Amino acid sequence: GNTAHTLTEDNLRVLASKTDGFSGSDISIVVRDALMQPVRKVQTATHFKKVSGPSPVDKITICDDLLVPCSPGDSGAIEMTWVDVPGDKLFEPPVTMNDMLKSLASTKPTVNEDDMKKLDKFTEDFGQEG
């Protein structure tokens, strides 16, 4: 969708190769969980730093005082929590490959080999797969 991310085509291929046995619903769960990872980063951060980017209220305006979660050791790190960050100054981190892999690791596929054999048998008996 419109969610900011840093995924490349190669990342998507790798993710696809790791979803053997995942149903469409399983993949939807992985994606929804990964979309929440930036929110979790914001909520658990103890430090933020200033960055430039489009204003959360007006995407056309570029601000140089937006705040993004960071490590305490990052240059320019300011000790604060998300409740200290004004809503119009929060730069939500994009979804990363690590976010996707983390979500993928915590979600198990619901389709097993027996299910696939039954589907193959059904297709063989009643017609071609669409």
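Select Phe122 to begin: with a relative accessibility of 49%, Phe122 counts as partly exposed, a label for values between buried, under 20% relative accessible area, and exposed, over 50% (1.4 Å probe, protein chains only). Before moving on, note that this is a predicted model, in which local features need pLDDT of at least 70, side-chain atom pairs count only at pLDDT 80 or more, and totals for chains, interfaces and linings use all residues. Residues are numbered from 1 along each chain as its sequence is written, and side-chain values use heavy atoms, with hydrogens and water left out.

Phe122 and Phe126 form a tilted aromatic pair, 4.9 Å centre to centre with 40° between the planes; rings of Phe, Tyr and Trp (its six-membered ring) pair if their centres lie within 6.5 Å, and planes under 30 degrees apart count as stacked, over 60 as edge-to-face and the rest as tilted. Because they are 4 residues apart in helix α4 (residues 113-126), about one helical turn separates Phe122 and Phe126; helices are DSSP runs (H or I, at least four residues), numbered from the N terminus.

Now select Leu7, Leu15, Phe22, Val30, Ala34, Val95, Met97, Met100 and Leu104, the 9 residues of the largest nonpolar core, meaning a set of buried Ala, Val, Leu, Ile, Met, Phe, Trp, Tyr and Cys residues joined through side-chain atoms within 4.5 Å. Two or more residues come from each of α2 (24-44) and α3 (97-105), and α3 gives the largest share, 3 residues.

Finally, apart from this core, look for another of 5 residues, including Ala45, Phe48, Leu67 and Met80.
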